[in-house]
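Please walk through this structure with the text below, taking one chain after the other and then the contact between them.

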Amino acid sequence: MTAFDHNALDDVIHGRARLGIMAFLSTAEETDFVSLRDALKLSDGNLSTHIGKLEEAGYVRSKKRFADKKPQTTVVLTEAGRKAYLTYLDQLKQLLKNR
Amino acid sequence: MATPSVEDDVAYLKQLAEAGASGVPNGGKYFLVWAVAIATGLGLTYLTVTDMVPIGRTGLNICWAGVIAAGWVASLLMGRADAAKPEGLRFANRIVSATWIATGIALTALWLGLMVSGTHQAIMMPIASAAIGVSLAVSATVFRLNWLYAVAMVWWVVAFVSFLLLERIEFILFSAAVILALQGGTGVALLIQEGRRGR
């Protein structure tokens with residue numbers, strides 16, 4: 001049995017909120033800020049901070065656009081983000097297997 | 001506050017992944033537009049073949065071209081507006097949208113081919129019914145709407161029954177009624193559902 005390595009966990013997505021963002025985007029691919037905020041039950045400021053961290057790591061990309069003449073922010077999962085999320089899930093699976 | 005267990009985390013991830021995967025139905029108005037357009041065409045067809053409106057085959061074809069073009073123009077205009085809405089971004093919504101556009105193009109191409117070649121156009125009904133059933137089944141699966149899947153199955157029954165009625169004049173009225181009831185009814189049901197969601 002392989003020992004679970006805690007140090008291998010990706011700190012950027014290990015937090016509950018950021019992991020939640022990654023889980024949502026893993027299936028939605030792209031979504032707007034409001035849908036994401038409502039799904040995760042976070043405040044605007046909190047979500048912006050977490051998206052900023054994920055963007056710094058290159059895991060998501062946020063885009064500004066106008067929809068019905070109103071500004072709208074959308075968030076897209078990048079290929080690096082998808083890989084990081086899948087790796088994280090593999091590590092989680094390993095942890096559960098070793099319990 | 002208790003620290004969430006691994007099981008809690010996994011349940012949380014699953015719930016969010018499912019939320020991201022689920023599409024948001026927004027197509028009620030398209031169903032209504034096409035129900036009205038096709039039922040209008042079928043009504044005109046009935047009036048022409050029973051000599052109540054003397055426009056002849058060419059006139060009827062022009063009328064059909066008009067209602068189909070009107071359906072497409074309305075759909076494209078509504079589609080442009082919908083593309084700007086948040087739900088249009090979801091992968092699930094993009095899949096459903098692509099499925100219906102492909103179905104629409106295929107059926108339009110088929111109708112055009114039947115018209116140009118002079119083939120009996122009544123054959124459109126069973127083929128269209130089967131194709132609509134497939135697209136509805138995709139929408140039902142993506143949006144997780146069991147009742148929509150039931151409507152898809154009714155369309156497949158209609159496709160089968162239509163072959164038995166092709167040669168009867170009443171078949172035109174039957175088709176119009178089916179379109180209004182199934183296509184229009186689905187449109188109204190979806191619009192009610194979309195209204196409840198507060199959009």
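Which residue is the bridge partner of Val60(A) in strand 3 of chain A? The bridge partner there is Leu77(A). This is a predicted model, in which local features need pLDDT of at least 70, side-chain atom pairs count only at pLDDT 80 or more, and totals for chains, interfaces and linings use all residues. Residues are numbered from 1 along each chain as its sequence is written, while chains are lettered from A and ligands numbered from 1 in the order in which they are written.

The sheet of chain A is the place to begin. Helices (H or I, at least four residues) and strands (E, at least two) are DSSP runs, numbered from the N terminus. The sheet is open, has three strands in the order 1-3-2, and its pairing is antiparallel; two strands pair if DSSP finds at least two bridges between them. Strand 1 and strand 2 (60-67) of chain A are the edge strands, each pairing on one side only. Neighbouring strands are turned by 30° against each other on average, direction ignored. Strand 2 of chain A is joined to strand 3 of chain A by eight bridges, and strand 1 of chain A is joined to strand 3 (residues 70-77) by three. Asp32(A) stands opposite Thr74(A) in strand 3 of chain A. Across strand 2 and strand 3 of chain A lies helix 4 (residues 44-56) of chain A, which runs at about 125° to strand 2. Here axes are lines fitted to C-alpha atoms, for helices over the stretch in contact, and angles run from 0 to 180 degrees between N-to-C directions.

Chain B is built otherwise, with seven helices and zero strands. Its C-alpha trace spans about 80 × 35 × 30 Å along its principal axes. Of its 199 residues, 31% are buried, where buried means that 20 or more other C-beta atoms, placed from the backbone, lie within 10 Å of the residue's own. Contacts, in turn, require C-beta atoms, placed from the backbone, within 7 Å. Among the contacts in chain B with a separation of 6 or more, 74% join residues 24 or more positions apart.

One helix pair shows the packing. Helix 4 and helix 5 of chain B pack at an angle of about 175°, with their axes 9 Å apart. That makes the two helices roughly antiparallel, a class for angles over 145 degrees. The residues of this contact divide into 16 nonpolar, four polar and no charged; Ala, Val, Leu, Ile, Met, Phe, Trp, Tyr, Cys and Pro count as nonpolar, Asp, Glu, Lys and Arg as charged, and the others, Gly among them, as polar.

Trp155(B) touches Ser129(B), Ile132(B), Gly133(B), Leu136(B) and Leu182(B), not counting residues up to four places away in sequence.

Finally, the chains meet through 20 residues from chain A and 14 residues from chain B. On the side of chain A, helix 2 of chain A supplies the largest share, eight residues. By class, that side has ten nonpolar, six polar and four charged residues.

Technical notes. Two residues are in contact if their C-beta atoms, placed from the backbone, lie within 7 Å. Angles under 35 degrees count as roughly parallel, over 145 as roughly antiparallel, 65 to 115 as roughly perpendicular and the rest as oblique. A residue is buried if 20 or more other C-beta atoms lie within 10 Å of its own, exposed if 12 or fewer, and partly exposed in between; C-beta atoms are placed from the backbone.
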